[in-house]
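Me: I have a structure open here and want to go through it piece by piece. Can you take my questions as they come?

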Amino acid sequence: MNDWVAVIISAIALVFSVFSWYKTTRVSKGQLEIEVRKMISEKKNDFLKYCNSDDKKVIIDSLIEEEINAYDQACLFYKERKIDRKSFKIAYRSEIVNLVEDSNYNEIGKFNDINCKYDNLINVYKEWTKIK
């Protein structure tokens, strides 16, 4: 009888541990999603803030590159399943498609170049638009 009690207590402890791990993982993904949104928003705000600067071209090119880097990092999190993939796709699909297809961003990011350094962004774009 004591063996069965120990087995039941162990099983309950195991279930509780798995449940706790699952909840912690969900919270971590949620926090990461918030950080991704914050990172991208900051880059967009920087872009808008300096849009009327005297050294427009250099500043704008730099800010566009920073924004592309933020999206590329976010896409890495998506690919590595560090954030909820379904939520990410709903939230960012149109932004990422528009960014890759925008000529101003393409000029900086060189998305069509074989040596493009934004592999994560391009791979997610291709996955979502079914371009192979």
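This is a predicted model: local features need pLDDT of at least 70, side-chain atom pairs count only at pLDDT 80 or more; totals for chains, interfaces and linings use all residues.

Me: What about contacts between residues at least 6 apart in sequence: what percentage join residues at least 24 apart?

Reply: That figure is 68%.

Me: OK, aromatics. How many aromatic pairs are there?

Reply: The structure holds five. One of them is Tyr 78 with Trp 128, an edge-to-face pair with 5.3 Å between the centres and 80 degrees between the planes.

Me: Where do Tyr 78 and Trp 128 sit in the chain?

Reply: Tyr 78 is in helix α2, residues 56-79, and Trp 128 is in helix α5, residues 119-129. The two are 50 residues apart, and their pair links distant parts of the chain.

Me: Is Tyr 78 buried or exposed? And Trp 128, buried or exposed?

Reply: Tyr 78 is buried, at 3% relative accessible area. Trp 128 is buried too, at 4%. The cut-off for buried is under 20%.

Me: Give me another pair. Why do Phe 111 and Tyr 118 count as edge-to-face?

Reply: Their planes are at 70 degrees, so the pair is edge-to-face, and the ring centres are 6.2 Å apart. The label needs an angle over 60 degrees, with centres within 6.5 Å for a pair at all. Phe 111 is buried at 6% relative accessible area, and Tyr 118 is buried at 2%.

Me: Back to Tyr 78. Which residues does it join in a cluster through ring pairs?

Reply: Ring pairs link Tyr 78 with Phe 88, Tyr 92 and Trp 128.

Me: And which residue has its charged end over the ring of Tyr 78?

Reply: Arg 85, with its charged end 4.1 Å from the ring centre.

Me: Now helix packing. At what angle do α3 and α5 cross?

Reply: Roughly 105 degrees, and the axes come within 10 Å. Helix α3 covers residues 85-101. The range for roughly perpendicular is 65 to 115 degrees, and α3 and α5 are therefore roughly perpendicular to each other.

Me: Which residues make the contact?

Reply: From α3 they include Arg 85, Phe 88, Tyr 92, Ile 96 and Val 100. From α5 they include Leu 121, Ile 122, Tyr 125 and Trp 128. By class, the contact has 10 nonpolar, one polar and five charged residues.

Me: Which residues of α5 are buried?

Reply: Asn 120, Leu 121, Ile 122, Val 124, Tyr 125 and Trp 128.

Me: Why would buried positions on a helix be spaced like that?

Reply: As a general point, an α-helix has 3.6 residues a turn, so residues three or four places apart point the same way.

Me: Asn 120 is on that list. What does Asn 120 touch?

Reply: Leaving out residues up to four places away in sequence, Asn 120 touches Asp 72, Cys 75, Leu 76 and Lys 79. Asn 120 has a relative accessible area of 15%, so it counts as buried.

Me: Switching to backbone. Which residue follows α5, and what is its phi?

Reply: Lys 130 follows α5, and its phi is positive, near 60 degrees.

Me: What about Arg 81: where is it, and what is its phi?

Reply: Arg 81 is in the loop between α2 and α3. Its phi is also near 60 degrees, a positive value in a residue other than glycine. Arg 81 counts as exposed, at 53% relative accessibility.

Me: And Lys 110, what is its phi?

Reply: About 50 degrees, which is positive although Lys 110 is not a glycine. Lys 110 lies in the loop between α4, residues 103-109, and α5. At 46% relative accessibility, Lys 110 counts as partly exposed.

Me: Last one. How far apart are Ile 60 and Ile 108?

Reply: They are 48 residues apart in sequence and 9.9 Å apart in space, C-alpha to C-alpha. Ile 60 is found in helix α2 and is buried, with a relative accessible area of 16%.

Methods:
Residues are numbered from 1 along each chain as its sequence is written. Side-chain values use heavy atoms; hydrogens and water are left out. Rings of Phe, Tyr and Trp (its six-membered ring) pair if their centres lie within 6.5 Å; planes under 30 degrees apart count as stacked, over 60 as edge-to-face and the rest as tilted. Helices (H or I, at least four residues) and strands (E, at least two) are DSSP runs, numbered from the N terminus. Buried means under 20% relative accessible area, exposed over 50%, partly exposed in between (1.4 Å probe, protein chains only). A charge sits over a ring if NZ of Lys or CZ of Arg is within 6 Å of the ring centre and within 35 degrees of the ring normal. Axes are lines fitted to C-alpha atoms, for helices over the stretch in contact, and angles run from 0 to 180 degrees between N-to-C directions. Angles under 35 degrees count as roughly parallel, over 145 as roughly antiparallel, 65 to 115 as roughly perpendicular and the rest as oblique. Contact means heavy atoms within 4.5 Å. Ala, Val, Leu, Ile, Met, Phe, Trp, Tyr, Cys and Pro count as nonpolar, Asp, Glu, Lys and Arg as charged, and the others, Gly among them, as polar.
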